[in-house]
Amino acid sequence: MKAVVIGESSGAAMETIMGVYPRHKAVVNKYIAKGEVIGIGPFGDRGNMAIFKNREAAEEFVKEDPFILEGLVKSFVIRDWNDNML
């Protein structure tokens, strides 16, 4: 079963977001390199979503993502996702 992290934006200014982005991208790249990220990115309202191959990877990611640790993501939820219904 896959895991989806859905985050809500804190409403931080784009300048603040872009100041943290290089560190966030480094963490994202680490999980991509390990093959644990299926998809990741922002919504139009600055919220965000990431799909991981498993819950363990999702839980590890949120513990080190600067966007979360520095309050740019106001809140998040990790949801298990069974995409094998087709």
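Which helix is Tyr31 found in? Tyr31 sits in helix H1, residues 14-33; helices here are DSSP runs of H or I with at least four residues, strands are E runs of at least two, and both are numbered from the N terminus.

A quick word on the model. This is a predicted model, where local features need pLDDT of at least 70 and side-chain atom pairs count only at pLDDT 80 or more, while totals for chains, interfaces and linings use all residues. Residues are numbered from 1 along each chain as its sequence is written, and side-chain values use heavy atoms, with hydrogens and water left out.

The predictor's confidence in each residue, pLDDT, runs from 0 to 100. Its mean over the protein is 95, with 98% of residues at 70 or more.

| Element | Residues | Mean pLDDT |
|---|---|---|
| strand S2 (lowest) | 37-42 | 95 |
| H2 (highest) | 55-64 | 98 |

Back to Tyr31: because its relative accessibility is 0%, Tyr31 counts as buried (under 20% relative accessible area, 1.4 Å probe, protein chains only). Beyond its neighbours within four places in sequence, Tyr31 contacts (heavy atoms within 4.5 Å) Glu36, Val37, Phe52, Ala57, Glu60, Phe61 and Glu64. The C-alpha atoms of Tyr31 and Ala57 are 8.0 Å apart, although 26 residues separate the two along the chain.

Now for the helix pair. The axes of H1 and H2, lines fitted to C-alpha atoms over the stretch in contact, come within 10 Å and cross at roughly 160°. That's why H1 is roughly antiparallel to H2 (angles over 145 degrees, between N-to-C directions). From H1, the contact uses His24, Val27, Val28, Lys30 and Tyr31, and from H2 it uses Ala57, Glu60, Phe61 and Glu64.

Note on methods. Buried means under 20% relative accessible area, exposed over 50%, partly exposed in between (1.4 Å probe, protein chains only). Axes are lines fitted to C-alpha atoms, for helices over the stretch in contact, and angles run from 0 to 180 degrees between N-to-C directions. Angles under 35 degrees count as roughly parallel, over 145 as roughly antiparallel, 65 to 115 as roughly perpendicular and the rest as oblique.
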